[in-house]
Number of protein chains: 2
Amino acid sequence: MTNIRKVAELAGVSVATVSRALKSPDIVSPVTREKVLKAVDQAGYKPNLMAVQFRSQRTYNLVVLVPTIANTFFARVISGIQEAAQERGYGVLLCNTLGNEAMETQYASLVSTRQADGVVQLRAFNPFSDNAFPAGAALPMINACEVLDDAPCPTVKLDNRAAAREVTEHLIALGHRRIGMIKGPRRSPLTRDRQLGYQDALSAAGIALDERLLCPGDFTPLAGYQAAETLIALTERPTAIFCESDEMAIGAMSRIKESGLSVPKDISVAGFDDIAFASYTDPPLTTIAQPAEAFGREAVAMLIDVLEGQKVENLVMPYTLLTRASTAPCQL
Amino acid sequence: MTNIRKVAELAGVSVATVSRALKSPDIVSPVTREKVLKAVDQAGYKPNLMAVQFRSQRTYNLVVLVPTIANTFFARVISGIQEAAQERGYGVLLCNTLGNEAMETQYASLVSTRQADGVVQLRAFNPFSDNAFPAGAALPMINACEVLDDAPCPTVKLDNRAAAREVTEHLIALGHRRIGMIKGPRRSPLTRDRQLGYQDALSAAGIALDERLLCPGDFTPLAGYQAAETLIALTERPTAIFCESDEMAIGAMSRIKESGLSVPKDISVAGFDDIAFASYTDPPLTTIAQPAEAFGREAVAMLIDVLEGQKVENLVMPYTLLTRASTAPCQL
DNA sequence: AAAAGCAATGTAACCGGTTACATTAAGGTT
DNA sequence: AACCTTAATGTAACCGGTTACATTGCTTTT
């Protein structure tokens, strides 16, 4: 393999001069620079980035911890991450953690073993919290999308409470009083905030909370399907269902129609995320649009700022309620 | 940062002994090994993997070139890749190339600059074909899913022609004679093979090929939506449509219903891939199930075998026709 | 003309592991 | 007791860049 010494020999200069000619062209004479560049070309020289990284102790890689790449919302976030990282010369080591905390911790340790410079965490879990990491060490991390309450790092999030409130208010404005909710995983702050927003809207409208209308889920279509089954079976079934993800909403709609009920005539359905399929469902899905790609881009921008020693501030991203045909006035 | 020398000092041995105690425990005495391990623990020592990699000239990273991560079929393939890579101690550098060839070539060059050991290419394009790479150099690569005809590397693929033929035969068996096809990108071998399979079935049944029934697409729901529009507008519209991806099938179904037509009563729709949503559409989608995760796992297994100097053979993966409610007997 | 300043380049230490080779000590053989 | 073998450990070169410091030669200053 051609290395810097070969090039130096070919150009008749020292290795230091070659290095300088490539990295700080302005401090070598034009004549020498020419010679070096010609030698580089002739030898087909490409710097061994492993050596560069080793020397500079920077990998220019970022670890992204994603709960599941199969969720199309995260796919969009990752696209944004990828794009922003590439623009700034960073690579992305993607880690599909499947919600497995041990795996998250393991992947996060890529930073402490110098395989990556920092971490973007898309889930409310601090992979550095166990004792595998030196307590004082500042491990560059950004927590985005699902954010810890006491995040030990900068965060990028949505005002989930306000967004959930807005969806619920939309349903109430359509005359619905029995509104089911298909939630996310139990211990997620995201789920808690969205439920708070749901409750905010209910109490503002003077509607009592009925615990039976709350179903747990895990953001997958299957979970939505099963939760809808439960809700439909209630003696007083809801006339509207708010799902914490579009994927669950799709599953729920499937189950509702299977029962011979109609969306939105019998039951209105609202989702969250605005995934690509949301406008192709039958009927098209009312949902909260999140700027998924922007989440990714902003998280990366912040992480790189941290790595470069700049100060960063927490970010709250905007959302929009998209009213489509899956929600309609209550028929009762 | 604690390095191997600190540990050596702490344990009262040489750095070589520390290295050996960790990498080949059997060649140091039990007593010394104990001392070293205790020192490692005490110092909180973790080897600097950048140094290890630099020394061994192996990164234990694989580059994965994926056309678009937003397609849920690829999301499944990537899950498989991730899993297999992790099991064998490799990291995955995911590159969302968006079909941009310059970007593919750029990412592939991570291998020549020693940022990664090999490439898994999920698209029919040889990123090493331009002159940016030394001609003779053996750049470890596996081509999976969409495979080049003259791939310069081992491949993992489906018998797309046979699968497409099987779907088409299924439609013909239901009595359909005018069968539309929503295709993939023009120059893709995948699209060509699937069209050949479609034609095989037609000619076996004595049905003439009608070019107007062939619409180009790009695997997105929007493309399916638009292509369906074209097909519906034909004076003699098809009674069945075979889509080269489930995502396009979902878009097509949406457009068909928008026209007041019913699936499958007026038009049967079949897809390809069996993405997670395929069983939650209304009606559930008849499709070809591909072992997406297995594609990823096999590709990684093959790539690592190549990296380890073993011989590998091309692989053809199995498929299954899943008959669901979106296809029904022809009503004409 | 001697001193000082500066631009251009060379020399070699350094990053943190791995490993070929050298050295030492202990045990076994004749 | 002299010699050989083997296990255990130490020494130092090495991977391929980067960069602090040294050196050279030329120009400017007084």
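Me: How do α7 and α8 of chain B pack, and at what angle?
Reply: Start with the axes, which are lines fitted to C-alpha atoms, for helices over the stretch in contact, with angles running from 0 to 180 degrees between N-to-C directions. Helices (H or I, at least four residues) and strands (E, at least two) are DSSP runs, numbered from the N terminus. Here α7(B), residues 160-173, and α8(B), residues 189-204, pack at about 40° with their axes 7 Å apart. Please keep in mind that this is a predicted model, in which local features need pLDDT of at least 70, side-chain atom pairs count only at pLDDT 80 or more, and totals for chains, interfaces and linings use all residues. Residues are numbered from 1 along each chain as its sequence is written, while chains are lettered from A and ligands numbered from 1 in the order in which they are written.

Me: What word describes the orientation of α7(B) and α8(B) to each other?
Reply: Angles under 35 degrees count as roughly parallel, over 145 as roughly antiparallel, 65 to 115 as roughly perpendicular, and the rest as oblique. The pair α7(B) and α8(B) is therefore oblique. As for handedness, a crossing is left-handed if the near helix is turned anticlockwise from the far one by less than a right angle, and right-handed if clockwise; this crossing is right-handed.

Me: Which residues make the contact between α7(B) and α8(B)?
Reply: Two residues are in contact if their C-beta atoms, placed from the backbone, lie within 7 Å. Among them are Ala164(B), Thr168(B) and Ile172(B) of α7(B), and Leu190(B), Gly197(B) and Ala201(B) of α8(B). For classes, Ala, Val, Leu, Ile, Met, Phe, Trp, Tyr, Cys and Pro count as nonpolar, Asp, Glu, Lys and Arg as charged, and the others, Gly among them, as polar. This contact has nine nonpolar, three polar and six charged residues.

Me: Now chain A: at what angle do α1 and α3 cross?
Reply: The axes of α1(A), residues 4-11, and α3(A), residues 30-43, come within 9 Å and cross at roughly 125°. That makes α1(A) oblique to α3(A). Their crossing is right-handed, and the contact includes Val7(A) and Leu10(A) of α1(A) with Val36(A) and Val40(A) of α3(A). By class, seven residues are nonpolar, one is polar and two are charged.

Me: How many residues does each chain bring to the contact between A and B?
Reply: Chain B gives 37 residues and chain A gives 37 residues. On the side of chain B, α5(B) has the largest share, six residues. That side has 18 nonpolar, 14 polar and five charged residues.

Me: How are the two copies related?
Reply: Copies are superposed by least squares on the C-alpha atoms of residues with pLDDT of at least 70 in both. A rotation of 180° with 0.2 Å of shift along its axis places chain B on chain A, with an RMSD of 0.2 Å. That is the relation of a two-fold axis. Leu93(B) is the residue of chain B that comes closest to the axis, its C-alpha lying at 2.5 Å.
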